[in-house]
Amino acid sequence: MTAFDIVEHTILLDVLRTRFGLTEGALNWHKSYLSDRSYQVVTGGIEFKVVDLDCGLRQGSSLRPWKFIVYAAEMQEVVTRHGVLFRGFADDSQLIKHMLVCDIDAGKRAMIDCISDIELWCRSHGLKLNADKSDVIWLGSRQQLAKIGQAEKNLHLPSGTLQASETVRNLGVIIDQHLTFEAEARACSKACFYHLRRMRQIKRFTDDWSLQLLVQAFTTTR
């Protein structure tokens, strides 16, 4: 289940009304869009009971990510209260805190307090902050990062500990702690050679034009 699937319709409509000033016809349009929707599971020729949807956003709709951004707009205010930068892309959120090595304790405390407040906000909006899908990375020069112990890089929250990583994936791109992009280059090279080997195996079964299309689709585009 994704964050899109647990958006509370009543809360979303209230956000549209109170934060974005939608009234009358505009608000009723969104209410009509969200209401009277249902789903049914059909598998192996067996049809299960039709269930009315009182939460969630319709899959495949172009409004789905937009409505979630609106739904989570208040999160940015929660974050900025702690002096932390916020970046959001649909249901992916990033927290950024710049600090000197001598200010690590204060910086970590601000980040931990910020995440704790986000957890409270998520509960009030029917969402859950999933620690298993959260990554922590420290960015800096080799000299500066060498001054920080591995244990100091972890964030200890009331709900658990977030382990710091040397690399994280950000919107499909692998970011390393020194911003060299070596890990991304290795992953890209590995994927390209994998597809080239597969195409070599089917080379004798296809013509040059089709093979060129495959190379452009799976290798050149990377």
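## Exercises on a predicted model

Ile115, Glu119, Leu129, Asn130, Ala131, Ser134, Leu157, Ser159 and Leu162 form the lining of the largest cavity. Keep in mind that we're working with a predicted model.

**Exercise 1.** Work out how the lining residues of the largest cavity divide into nonpolar, polar and charged.

*Solution.* Start with the space itself: the largest cavity holds about 40 Å³, and the structure has 1 cavity of 30 Å³ or more. Next, sort the lining. You get 5 nonpolar, 3 polar and 1 charged. Glu counts as charged, and Glu119 is on the lining list.

**Exercise 2.** Decide whether histidine 195 is buried or exposed, then find what it touches.

*Solution.* Now check its relative accessibility, which is 17%. Buried means under 20%, so histidine 195 counts as buried. Last, skip residues up to four places away in sequence, and histidine 195 touches Phe218, Thr219 and Arg222.

**Exercise 3.** Compare the end-to-end span of helix 9 with that of a straight helix.

*Solution.* Helix 9 covers residues 208-220, which is 13 residues. At 1.5 Å a residue, a straight helix would reach 18 Å. The end C-alpha atoms are only 16 Å apart, so helix 9 falls short. While you're at the start of helix 9, note that a side-chain oxygen of aspartate 207 comes within 3.1 Å of the backbone nitrogen of tryptophan 209.

**Exercise 4.** Find the side chain with which glutamine 163 makes a polar contact.

*Solution.* Go to the loop between strand 8 (160-162) and strand 9 (167-170), where glutamine 163 is found. Leaving out residues up to four places away in sequence, glutamine 163 touches Val136 and Asn154. The polar contact, at 3.1 Å, is with the side chain of asparagine 154. As for valine 136, its C-alpha atom is 6.5 Å from that of glutamine 163, though the two are 27 residues apart along the chain.

Methods
Residues are numbered from 1 along each chain as its sequence is written. This is a predicted model: local features need pLDDT of at least 70, side-chain atom pairs count only at pLDDT 80 or more; totals for chains, interfaces and linings use all residues. Side-chain values use heavy atoms; hydrogens and water are left out. On a 1 Å grid over the protein atoms alone, a cavity is a set of points where a 1.4 Å probe fits but cannot get out, and a pocket is an open set with protein on both sides within 12 Å along at least five of seven lines; lining residues have an atom within 4 Å of a point. Grid points are joined across faces, edges and corners, and a volume is the space filled by probe spheres set on the points. Helices (H or I, at least four residues) and strands (E, at least two) are DSSP runs, numbered from the N terminus. A polar contact is a pair of N or O atoms within 3.5 Å; within protein, one must be able to donate a hydrogen and the other to accept it, and residues adjacent in sequence count only if both atoms are side-chain atoms. Buried means under 20% relative accessible area, exposed over 50%, partly exposed in between (1.4 Å probe, protein chains only). Contact means heavy atoms within 4.5 Å.
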